[in-house]
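Hello,

Here is the structure I promised to pass on. Please open it first, then read my notes below.

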Amino acid sequence: AIFEGAVGIGATVGSLGAPLLIDVLGSRAALVGTGVILPAAAVVLGLLFRRLGHAEVVSPDDIERLQRVPAFRVLPLTGLERLVAGAVPVSFRAGEALMRKGEAGDRFLVIDTGRVEVSDDGRVLDLLGPGAGIGEIALLRGGPRTATVTALTDVTAQAFDAPAFL
């Protein structure tokens with residue numbers, strides 16, 4: 001996140017400041033000035049990284065899996081990394097309800113393995129498998145679950161609590 005932020009700020013400042021530097025100092029001095037700024041920025045960022053301690057490393061496979069979930073497709077890499085770091089693995093046995101219609105929406109699930117059935121009052125609405133996300137409607141609307149989701153097979157999933165999802 002810090003690196004992406006620094007790149008964005010650097011690009012903005014550079015694109016706005018370059019013409020001014022060239023006008024004021026001339027092209028040769030502006031080039032030398034830029035050459036001094038880059039190592040100084042590296043030192044400042046290095047000190048900042050050291051103060052923050054070690055970063056949590058998340059699996060690229062976990063990031064790719066979340067990028068395929070429609071609810072998360074638009075998120076930047078930093079947002080996906082935070083989600084992956086906060087994911088809680090959960091599992092359900094065949095026949096067990098993952099969520100029931102009318103319950104409070106407290107989490108979003110992304111299915112890793114297994115198949116589920118989404119139903120409303122006994123009517124099957126959808127069958128979902130690995131990579132599917134479930135539970136977003138109640139979280140986005142701040143209301144109760146609109147359907148029941150039942151495991152057809154044993155299911156493993158990643159759970160994201162409401163604040164992390166929102």
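In which strand is Gln158 found? The answer is β8, which covers residues 155-161. Before going further, please note that this is a predicted model.

Is Gln158 buried or exposed? Its relative accessible area is 19%. The cut-off for buried is under 20%, so Gln158 counts as buried. Its side chain makes a polar contact with the side chain of Asp112, at 2.9 Å.

**The open sheet**

Next, the strands. An open sheet is formed by 4 strands, in the order β2-β7-β4-β5. Their pairing is antiparallel. Which strands stand at the edges? They are β2 (97-99) and β5. Each has a single partner strand, so one side of each lacks a neighbour in the sheet. On average, neighbouring strands are turned by 30° against each other, direction ignored.

Within this sheet, β4 pairs with β7 (residues 148-151) in the antiparallel sense. That pairing runs over 4 bridges. Glu117 stands opposite Thr150 in β7.

**The loop between β4 and β5**

Look now between β4 (116-120) and β5 (123-128), where Asp121 lies in the loop. Gly122 has its place in the loop between β4 and β5 too. Asp121 counts as exposed because its relative accessibility is 71%. Gly122, at 72%, also counts as exposed.

Check the backbone of Asp121 as well. Its phi is near 50°, a positive value in a residue other than glycine. Most residues other than glycine have a negative phi.

**Two helices**

Last, the helices. At what angle do the axes of α3 and α4 cross? The angle is roughly 110°, and the axes come within 10 Å. That makes α3 roughly perpendicular to α4. Helix α3 spans residues 60-67 and helix α4 spans residues 77-86.

From α3, the contact is made by Asp62, Ile63, Leu66 and Gln67. From α4, it is made by Leu77, Leu80, Glu81, Leu83 and Val84. The contact residues divide into 6 nonpolar, 1 polar and 2 charged.

Best wishes

How values were computed:
Residues are numbered from 1 along each chain as its sequence is written. This is a predicted model: local features need pLDDT of at least 70, side-chain atom pairs count only at pLDDT 80 or more; totals for chains, interfaces and linings use all residues. Side-chain values use heavy atoms; hydrogens and water are left out. Axes are lines fitted to C-alpha atoms, for helices over the stretch in contact, and angles run from 0 to 180 degrees between N-to-C directions. Angles under 35 degrees count as roughly parallel, over 145 as roughly antiparallel, 65 to 115 as roughly perpendicular and the rest as oblique. Contact means heavy atoms within 4.5 Å. Ala, Val, Leu, Ile, Met, Phe, Trp, Tyr, Cys and Pro count as nonpolar, Asp, Glu, Lys and Arg as charged, and the others, Gly among them, as polar. Buried means under 20% relative accessible area, exposed over 50%, partly exposed in between (1.4 Å probe, protein chains only). Two strands pair if DSSP finds at least two bridges between them. A polar contact is a pair of N or O atoms within 3.5 Å; within protein, one must be able to donate a hydrogen and the other to accept it, and residues adjacent in sequence count only if both atoms are side-chain atoms.
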